[in-house]
Each structure stands twice: as structure tokens, then as C-alpha cells.
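Grab a pencil and keep the viewer open. Below are a few exercises, each followed by a worked solution.

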Amino acid sequence: MLSKATSDKTILSVSQITGLIKRNLEDEYSNITVMGELSGFKPHNTGHWYFNLKDSDAIISCCMWRSLNSQVFFKPQDGMKVIVTGRITVYPPRGNYQIDIRTIKPAGSGELQAAFEELKSKLFQEGLFDDINKKKIPEFPEKIALITAIDGAALKDMLSIAERRYPLVELFTISTKVQGAGAANEIAANINYINKLKNIDLIIVGRGGGSIEDLWAFNEEIVARAIFNSVIPVISAVGHEIDFTIADFVADLRAPTPSAAMELATPDRNDLLSSLGSFNQEATQSIKSIVAAKRNRLKNCVVSYGFRRPEDIVKRRYQDIDNIVFRIDNGIKFRVSSTKNRLAVLIETLKMHDIQKILDKGFVLIKQNSKFIRRFTAFNKMSPFIIKFADNEIEINKNSFKQDE
Amino acid sequence: MKKNELNFEKKLKRLEEISVLLEDEEIDLDKAIELYEEGLALSKECSERLRTAELRINELKKNSLDMNSNLITD
């Protein structure tokens, strides 16, 4: 029965039936749009992508050729919900079918946001955003490397700001793809490359504003790691239409635009010129103060105690000499006068001896006003007088006689 | 730029140093005058440099490290 039934129909080879399936499927599903969750994503080393799309009940294989996937701005990650366009192809050697993808995009902005948040939290945990790892931006950079599109407005803006603010700086540009597929790899490679050169003081990496898709390269892990590993300080300079990129968090300094980055990177020529001018004024003022201070000190020295000492010493010596002279003088005077006195006493004593002899013989002497009266003419009969006897003396005045009466 | 010549930043730093030194009125007078003259000369050099500098821009060629290194070493 079985053999009879089959004998009614044409017997097809495996190749034949596969060919039929292939034609049917490929005709029917030549332009499809499918939404699903990415899983088993692996880029092949030929550059082609192989992965699956799945939902809760089914799974389908997918491939995306290198020529097409190079246009994809983001790196697909397992678990990401995506919408793909393409066609069904059948691969006879394996007897399977797959979606040959033409375009792929996140199913919603939420998908990119989720990828962003996931990477941000992972790098944060690893310490890539820690302030302790931030390098100091040089105050007066001599050589700055600019990693951005060579024909972009961002580069033109940065050049003109450098020209205006600080033309002393030497700039090095390196042509870099900053959006679309491969941009992240190129940015990272150029950061690494600049680090191999000598004497570059600073890197500015960025681009002008754009949509989240345009800026996505700056949210890729490879860029974040290149910035983190850079020995040269890095300023991120991504246009400000979204708040922050991952690059902003890792960079040593974040600028909201490329122009702002160059302003942050360079000192302003006019500020410098004006501070040089005020240096001249201040230094002139300082030197005047110093000279004035010295003059003042000199004046203070002249009138100081120490400076007057020699003069004082001379004066004191004069005074010493005067003292000595005075003392000598006094000594002599004293000796002279005391000798004189002694002489007078002796003379008086001698005199007294003479007088006593006379008195002893019974003569008396008359003394008036402490003087011996030798002549009648010297006697004043109105004044009291003293009669001196050998043994005593008596004063005679008016009352002398009254008492006797 | 000559090798023994100070670069712009070092000149500015030296100027700041001189300003501070000159604020001390106890400084030796000869030293002060010497510093003052050095400062004025440096300040003039820096101003000249700022006024006359012209921006230099070099384009680096990828994958030619040797060539670019020559460009950059001074």
C-alpha cells in the first residue's frame, strides 16, 4: 500500500524538493520586516554577522553581510529588541532557512537607552568614571591632537578658536570617522595611536551635534576604554543634543561642544596679555616699595642707638676727663684750704700762748666785737666789751652795773 | 625654539615667581633690581610671542608612526 501510494507521485530528490522550497520561500518572503530579540550574536572574522532572532515561541537564524553591517551605527547586543528588514533565503547544503538582513535598528529608543544604561553602570562599577583617575588638563598646552572628522564643522570651529585664543599651540589633526559603522573602532584606534606619539599634551575627541544614532560611537565600550587607557589627558567634545555620552563620563574633562572644548583647552591670549601688563605695573610698584623700604632702613640706622654709640662713647670720655679734672681740682683746693686752716689754728695758738703769759702777770685784755682792743681809738665806750683775765673773762655792758646796785 | 630657552609656560611661571619675590621688601636691593629687569624682559618676550604667534596645524597620516613621530619631536 505504501509503495503503491508513493508510486502515484513523482519521486523528488532532496535537491529537487529543497529547490522548490527555496523558490517558494524566497519568492513569497522577498521583502519582510521582522521584530524580535537578538540572541547568539557573533561577528565572524570575515566581517559577516550571524545571530538569531527569537520571541517566546520561535527562533529564526539571521545573517548580515559585511558590506551591509558596516552601515550599522550600533553594536548589536544579545537581548536587544530589534527590527530588521530583508528576505528569506534557504541554504541548501544545511537545509535551513534564514533572514538575509538588509537593515537592522533598535526596536525603540528605549533599546539604545537600555544598552547605554547597562554599559554606563558596568563601567561605573569598574571605576572608569572615578575622579581619582581623571588627569589634569595642562594649563598651557603646546601640542593638542584633534580626533574628529577632517571635513567637519567641529574641526573648523576648533581651529578658529585656537587661532583666536592661543595661537602658540600646535595642532595635530587625524582624519577620523565619527559616525556610522566602524566609527567607534576608528576613534578608539586613533586615541591609541596618538598615545604612541611623543610630546602630545592633550587630546580632544568629538564631533558636532546629531541624533542619538549619529553620536552612538561615543557610547561604545571600545571608545570608553581607549579614553580611559589614554596616558594623555582627553577632553570629550560631543555636540550637546543629548545630555551625556559614555565618552563624557570617562573623559578627563567634558565639554558640551567642540568649540567649548577648545576654549577649555587653551588660555586666552587677551587675558595673558593683560596679566603681563599688570605684572609690569606691579613689579614697578614693588621695586619702588623696596627702594623706599631700604631708604627708610638707612635713615633708621643713622638715628639708631647703635649708630650713635661711638659719639656717645667720645662724649662719655669727655665727661670722665672732666670728672677727673674736677676731682683733682677739688682735692687740691681742699688740701690748700685745710692747710690754711691748720696754719691759722697754729698761729692762733701761738698768739694765745703770748697773751696767756701777759695775763698770768696780772694784765687784762679788753675784747670788743671779738677783737682785742689795742688802742684807745679802737674802743667804743657805748658797746659792751669783755675783760679777759688770766683765769676767766667777764662781759661788761649797761646792765652789769645796774645788777650790782 | 632653542633647547635651553624656557618655553612659554615656564616663562610665565618664572614671572609669577618673580612677582612673589618682589613682594618681600626685605629682599637684597641688587637682587631685587636684577629680578625686576629679568621680569620685564620675560614679560616683553611673552607679550611678543602672544602677539606674533601663528597657529600651526599638522595633519597626521594614519599608519605611518615614524613619519608622524618626526613631525612631532622637537
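## Exercise 1: where the chains meet

The contact takes 36 residues from chain B and 33 residues from chain A, where two residues touch if their C-beta atoms, placed from the backbone, lie within 7 Å. This is a predicted model, in which local features need pLDDT of at least 70, side-chain atom pairs count only at pLDDT 80 or more, and totals for chains, interfaces and linings use all residues. Residues are numbered from 1 along each chain as its sequence is written, while chains are lettered from A and ligands numbered from 1 in the order in which they are written.

**Task.** Find which element gives the largest share of the side of chain B that touches chain A.

**Solution.** 
- Step 1: α1, α2, β1 (56-60) and α3 (65-72) of chain B each supply at least two residues. Helices (H or I, at least four residues) and strands (E, at least two) are DSSP runs, numbered from the N terminus.
- Step 2: α2(B) gives the largest share, eleven residues.
- Step 3: sort this side of chain B by class. You get 18 nonpolar, nine polar and nine charged residues. Ala, Val, Leu, Ile, Met, Phe, Trp, Tyr, Cys and Pro count as nonpolar, Asp, Glu, Lys and Arg as charged, and the others, Gly among them, as polar.
- Step 4: look at the strands. β7 (residues 170-175) of chain A and β1(B) pair in the parallel sense over five bridges; pairing needs at least two DSSP bridges. Here I174(A) sits opposite L60(B).

## Exercise 2: two helices in chain B

**Task.** Describe how α1 (residues 8-22) and α2 (residues 29-52) of chain B pack.

**Solution.** 
- Step 1: get the geometry. The angle is about 145° and the axes are 9 Å apart. Axes are lines fitted to C-alpha atoms, for helices over the stretch in contact, and angles run from 0 to 180 degrees between N-to-C directions.
- Step 2: find the contact residues. Among them are L15(B) and I18(B) of α1(B), and L35(B) and L42(B) of α2(B).
- Step 3: class them. Eleven are nonpolar, two polar and five charged.

## Exercise 3: a helix in chain A

**Task.** Is α2 (residues 14-28) of chain A well covered or hardly covered?

**Solution.** 
- Step 1: check the length. α2(A) has 15 residues and reaches 21 Å from first C-alpha to last, close to the 21 Å expected; the expected span is 1.5 Å times one less than the number of residues.
- Step 2: count buried residues. The count is zero, so α2(A) is hardly covered. Buried means 20 or more other C-beta atoms within 10 Å of a residue's own, exposed means 12 or fewer, and partly exposed is in between, with C-beta atoms placed from the backbone.
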